[in-house]
Amino acid sequence: VDEGEKEDTDMHPEVKQEEGALAAGSINAQAPLIGKEVLSTVQMNGLCDMRVIDLKDWPTFFKDMVSDVEKECQKFGRVIRARADEAAPLGCVWVRFGDASEAQ
């Protein structure tokens, strides 16, 4: 696990980094147990370069990005929750699917 992945995992304790997980900049699927239900969380990195986004001109940028990602992900399965990591320099959205098979 490289240092960038460790930071992302530390920031999101609900997602446990599995041995052999994909490198940062890729789509990462984990299935943490929450109660009796198995949920899958997918981390999408590198969606945009935040250095070129002017949040003063586009104050709803993160909301719009999450909405777009959520809409695309719904083509693959039921989306429980999606949220942007506003501190990520290369645009990161976390998407939680209702089933592990939907996150692939």
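The model is predicted.

**Overall fold**

The protein chain holds two helices and six strands. Along the sequence, these elements follow the order α-β-β-β-β-α-β-β. The chain has 104 residues, and 38% of them count as buried. Its accessible surface comes to about 6800 Å². Carbon and sulfur atoms account for 54% of that surface. Take the contacts between residues at least 6 apart in sequence: 46% of these join residues at least 24 apart.

**Nonpolar core**

In soluble globular proteins, nonpolar side chains tend to be buried together. Here the largest nonpolar core has 18 residues. Those with the most contacts inside this core are F61, M65, C73, V93, V95 and F97. Four elements each supply at least two residues of the core: strand 4, helix 2 (61–73), strand 5 (79–85) and strand 6. Which element gives the largest share of this core? Helix 2 does, with six residues.

V93 is one of the residues with the most contacts inside the core. Leaving out residues up to four places away in sequence, V93 touches V42, Q43, M44, L47, M65, V66, V69, R83 and A84.

**Strand 4**

Strand 4 spans residues 40–44 and is mostly covered. Five of its five residues are buried. The side chains take two directions. S40, V42 and M44 point one way, while T41 and Q43 point the other way. All of these residues are buried, whichever way they point.

Strand 4 pairs with strand 6, which covers residues 92–97. The two run antiparallel and are joined by five bridges. Within strand 6, R96 is the bridge partner of T41.

S40 lies in strand 4. S40 counts as buried because its relative accessibility is 1%. A polar atom of the S40 side chain lies 3.2 Å from the backbone nitrogen of A100. Q43 also lies in strand 4. At 5% relative accessibility, Q43 is buried too. The Q43 side chain makes a polar contact with the side chain of N45, at 3.2 Å. Q43 is also among the residues that V93 touches.

**Cysteines**

A disulfide is a covalent bond between the sulfur atoms of two cysteines. How many disulfides does the model contain? The count comes to zero. The cut-off for a disulfide is a sulfur pair within 2.5 Å. The sulfur of C48 has its closest cysteine sulfur in C92, 9.9 Å away, so the two are too far apart for a bond. Seen from C92, the closest cysteine sulfur is that of C48, again at 9.9 Å and too far for a bond.

Are these two cysteines buried or exposed? C48 is buried, with a relative accessible area of 17%. C92 is buried as well, at 1%.

The table collects the relative accessibility of the residues discussed above.

| Residue | Relative accessible area | Class |
|---|---|---|
| S40 | 1% | buried |
| Q43 | 5% | buried |
| C48 | 17% | buried |
| C92 | 1% | buried |

**Putting it together**

V93 touches V42, Q43 and M44, among other residues.

Methods: Residues are numbered from 1 along each chain as its sequence is written. This is a predicted model: local features need pLDDT of at least 70, side-chain atom pairs count only at pLDDT 80 or more; totals for chains, interfaces and linings use all residues. Side-chain values use heavy atoms; hydrogens and water are left out. Buried means under 20% relative accessible area, exposed over 50%, partly exposed in between (1.4 Å probe, protein chains only). Two strands pair if DSSP finds at least two bridges between them. A polar contact is a pair of N or O atoms within 3.5 Å; within protein, one must be able to donate a hydrogen and the other to accept it, and residues adjacent in sequence count only if both atoms are side-chain atoms. Contact means heavy atoms within 4.5 Å. Accessible areas come from the Shrake-Rupley method with a 1.4 Å probe; for residues, only the protein chains shown count as cover. A nonpolar core is a set of buried Ala, Val, Leu, Ile, Met, Phe, Trp, Tyr and Cys residues joined through side-chain atoms within 4.5 Å.
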